[in-house]
Amino acid sequence: MTGVVEAKLAELGLTLPEVVPPLAAYQPAVRSGVYVFTSGQLPMVEGKLPCTGKVGAEVTPEEAKNLARTCALNALAAVKSVAGDLDRVARVVKVVGFVASAADFTGQPAVINGASELLGAVLGDKGVHARSAVGVTVLPLDAPVEVEIQVELTSA
């Protein structure tokens, strides 16, 4: 049976992807008590990055915003892998987004809105969160964006 959150994903035309395998010595997500912490999620689609480069140079801000959305979808898959069911998400507590930025690019918050808006669309009020949007020189595999999330689970 499909849960409420996954039904909402389907309504939005989205499918929860397979969990992206780790690129190094870490787990995609870990649970500690009622919290799930994801590792940084790259915008992998079927095991590949759709594009690479710096936002504001090789990658447009709008492309990067869509990639941040993909990162958030991958993060939800990682949460489900340890929580068992996305309907157990009580709320998204924190989102941290990293944007590989050209030297003069300052639109990191607008890029990470892709992740924040997806979480809000899928989870409603439970998707409202604290957030950081950080510009960096380079990310793994030359990815334009990376997003990690922290969620609180219900006790059931």
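**Reading the fold**

Reader: In what order do the strands of the open sheet come?
Author: The general idea is that strands of a sheet pair through backbone hydrogen bonds, either parallel or antiparallel. Here, five strands make an open sheet in the order β1-β2-β5-β3-β4, and the pairing is mixed. β1 (29-32) and β4 (130-136) sit at the edges with a single partner strand each, so one side of each has no neighbour in the sheet. From one strand to the next, the twist averages 15 degrees. Strands (E, at least two residues) and helices (H or I, at least four) are DSSP runs numbered from the N terminus, and two strands pair if DSSP finds at least two bridges between them.

Reader: What should I know about the model itself?
Author: This is a predicted model, where local features need pLDDT of at least 70 and side-chain atom pairs count only at pLDDT 80 or more, while totals for chains, interfaces and linings use all residues. Residues are numbered from 1 along each chain as its sequence is written, and side-chain values use heavy atoms, with hydrogens and water left out.

Reader: In which sense do β1 and β2 pair?
Author: β1 and β2 (residues 35-38) pair in the antiparallel sense, over four bridges. Alanine 29, for example, has threonine 38 in β2 as its bridge partner.

Reader: Which strands does helix α2 lie across?
Author: Helix α2 (residues 61-83) lies across β1, β2, β3 (89-100) and β5 (145-153), at about 40 degrees to β5. Helix α3 (residues 108-123) also packs on the sheet, touching β3, β4 and β5, and its direction makes about 160 degrees with that of β3. Those angles run from 0 to 180 degrees between N-to-C directions, using axes fitted to C-alpha atoms, for helices over the stretch in contact. Contact means heavy atoms within 4.5 Å.

Reader: Is asparagine 74 buried or exposed?
Author: Buried means under 20% relative accessible area, exposed over 50%, and partly exposed in between (1.4 Å probe, protein chains only). Asparagine 74, in helix α2, is buried, with a relative accessible area of 2%. Leaving aside residues up to four places away in sequence, asparagine 74 touches Pro17, Val20, Gln41, Leu42, Pro43 and Met44.

Reader: And what pattern does the protein follow along the sequence?
Author: Read that way, the pattern is α-β-β-α-β-α-β-β, with three helices and five strands in the protein. Buried residues make up 42% of its 156 residues.
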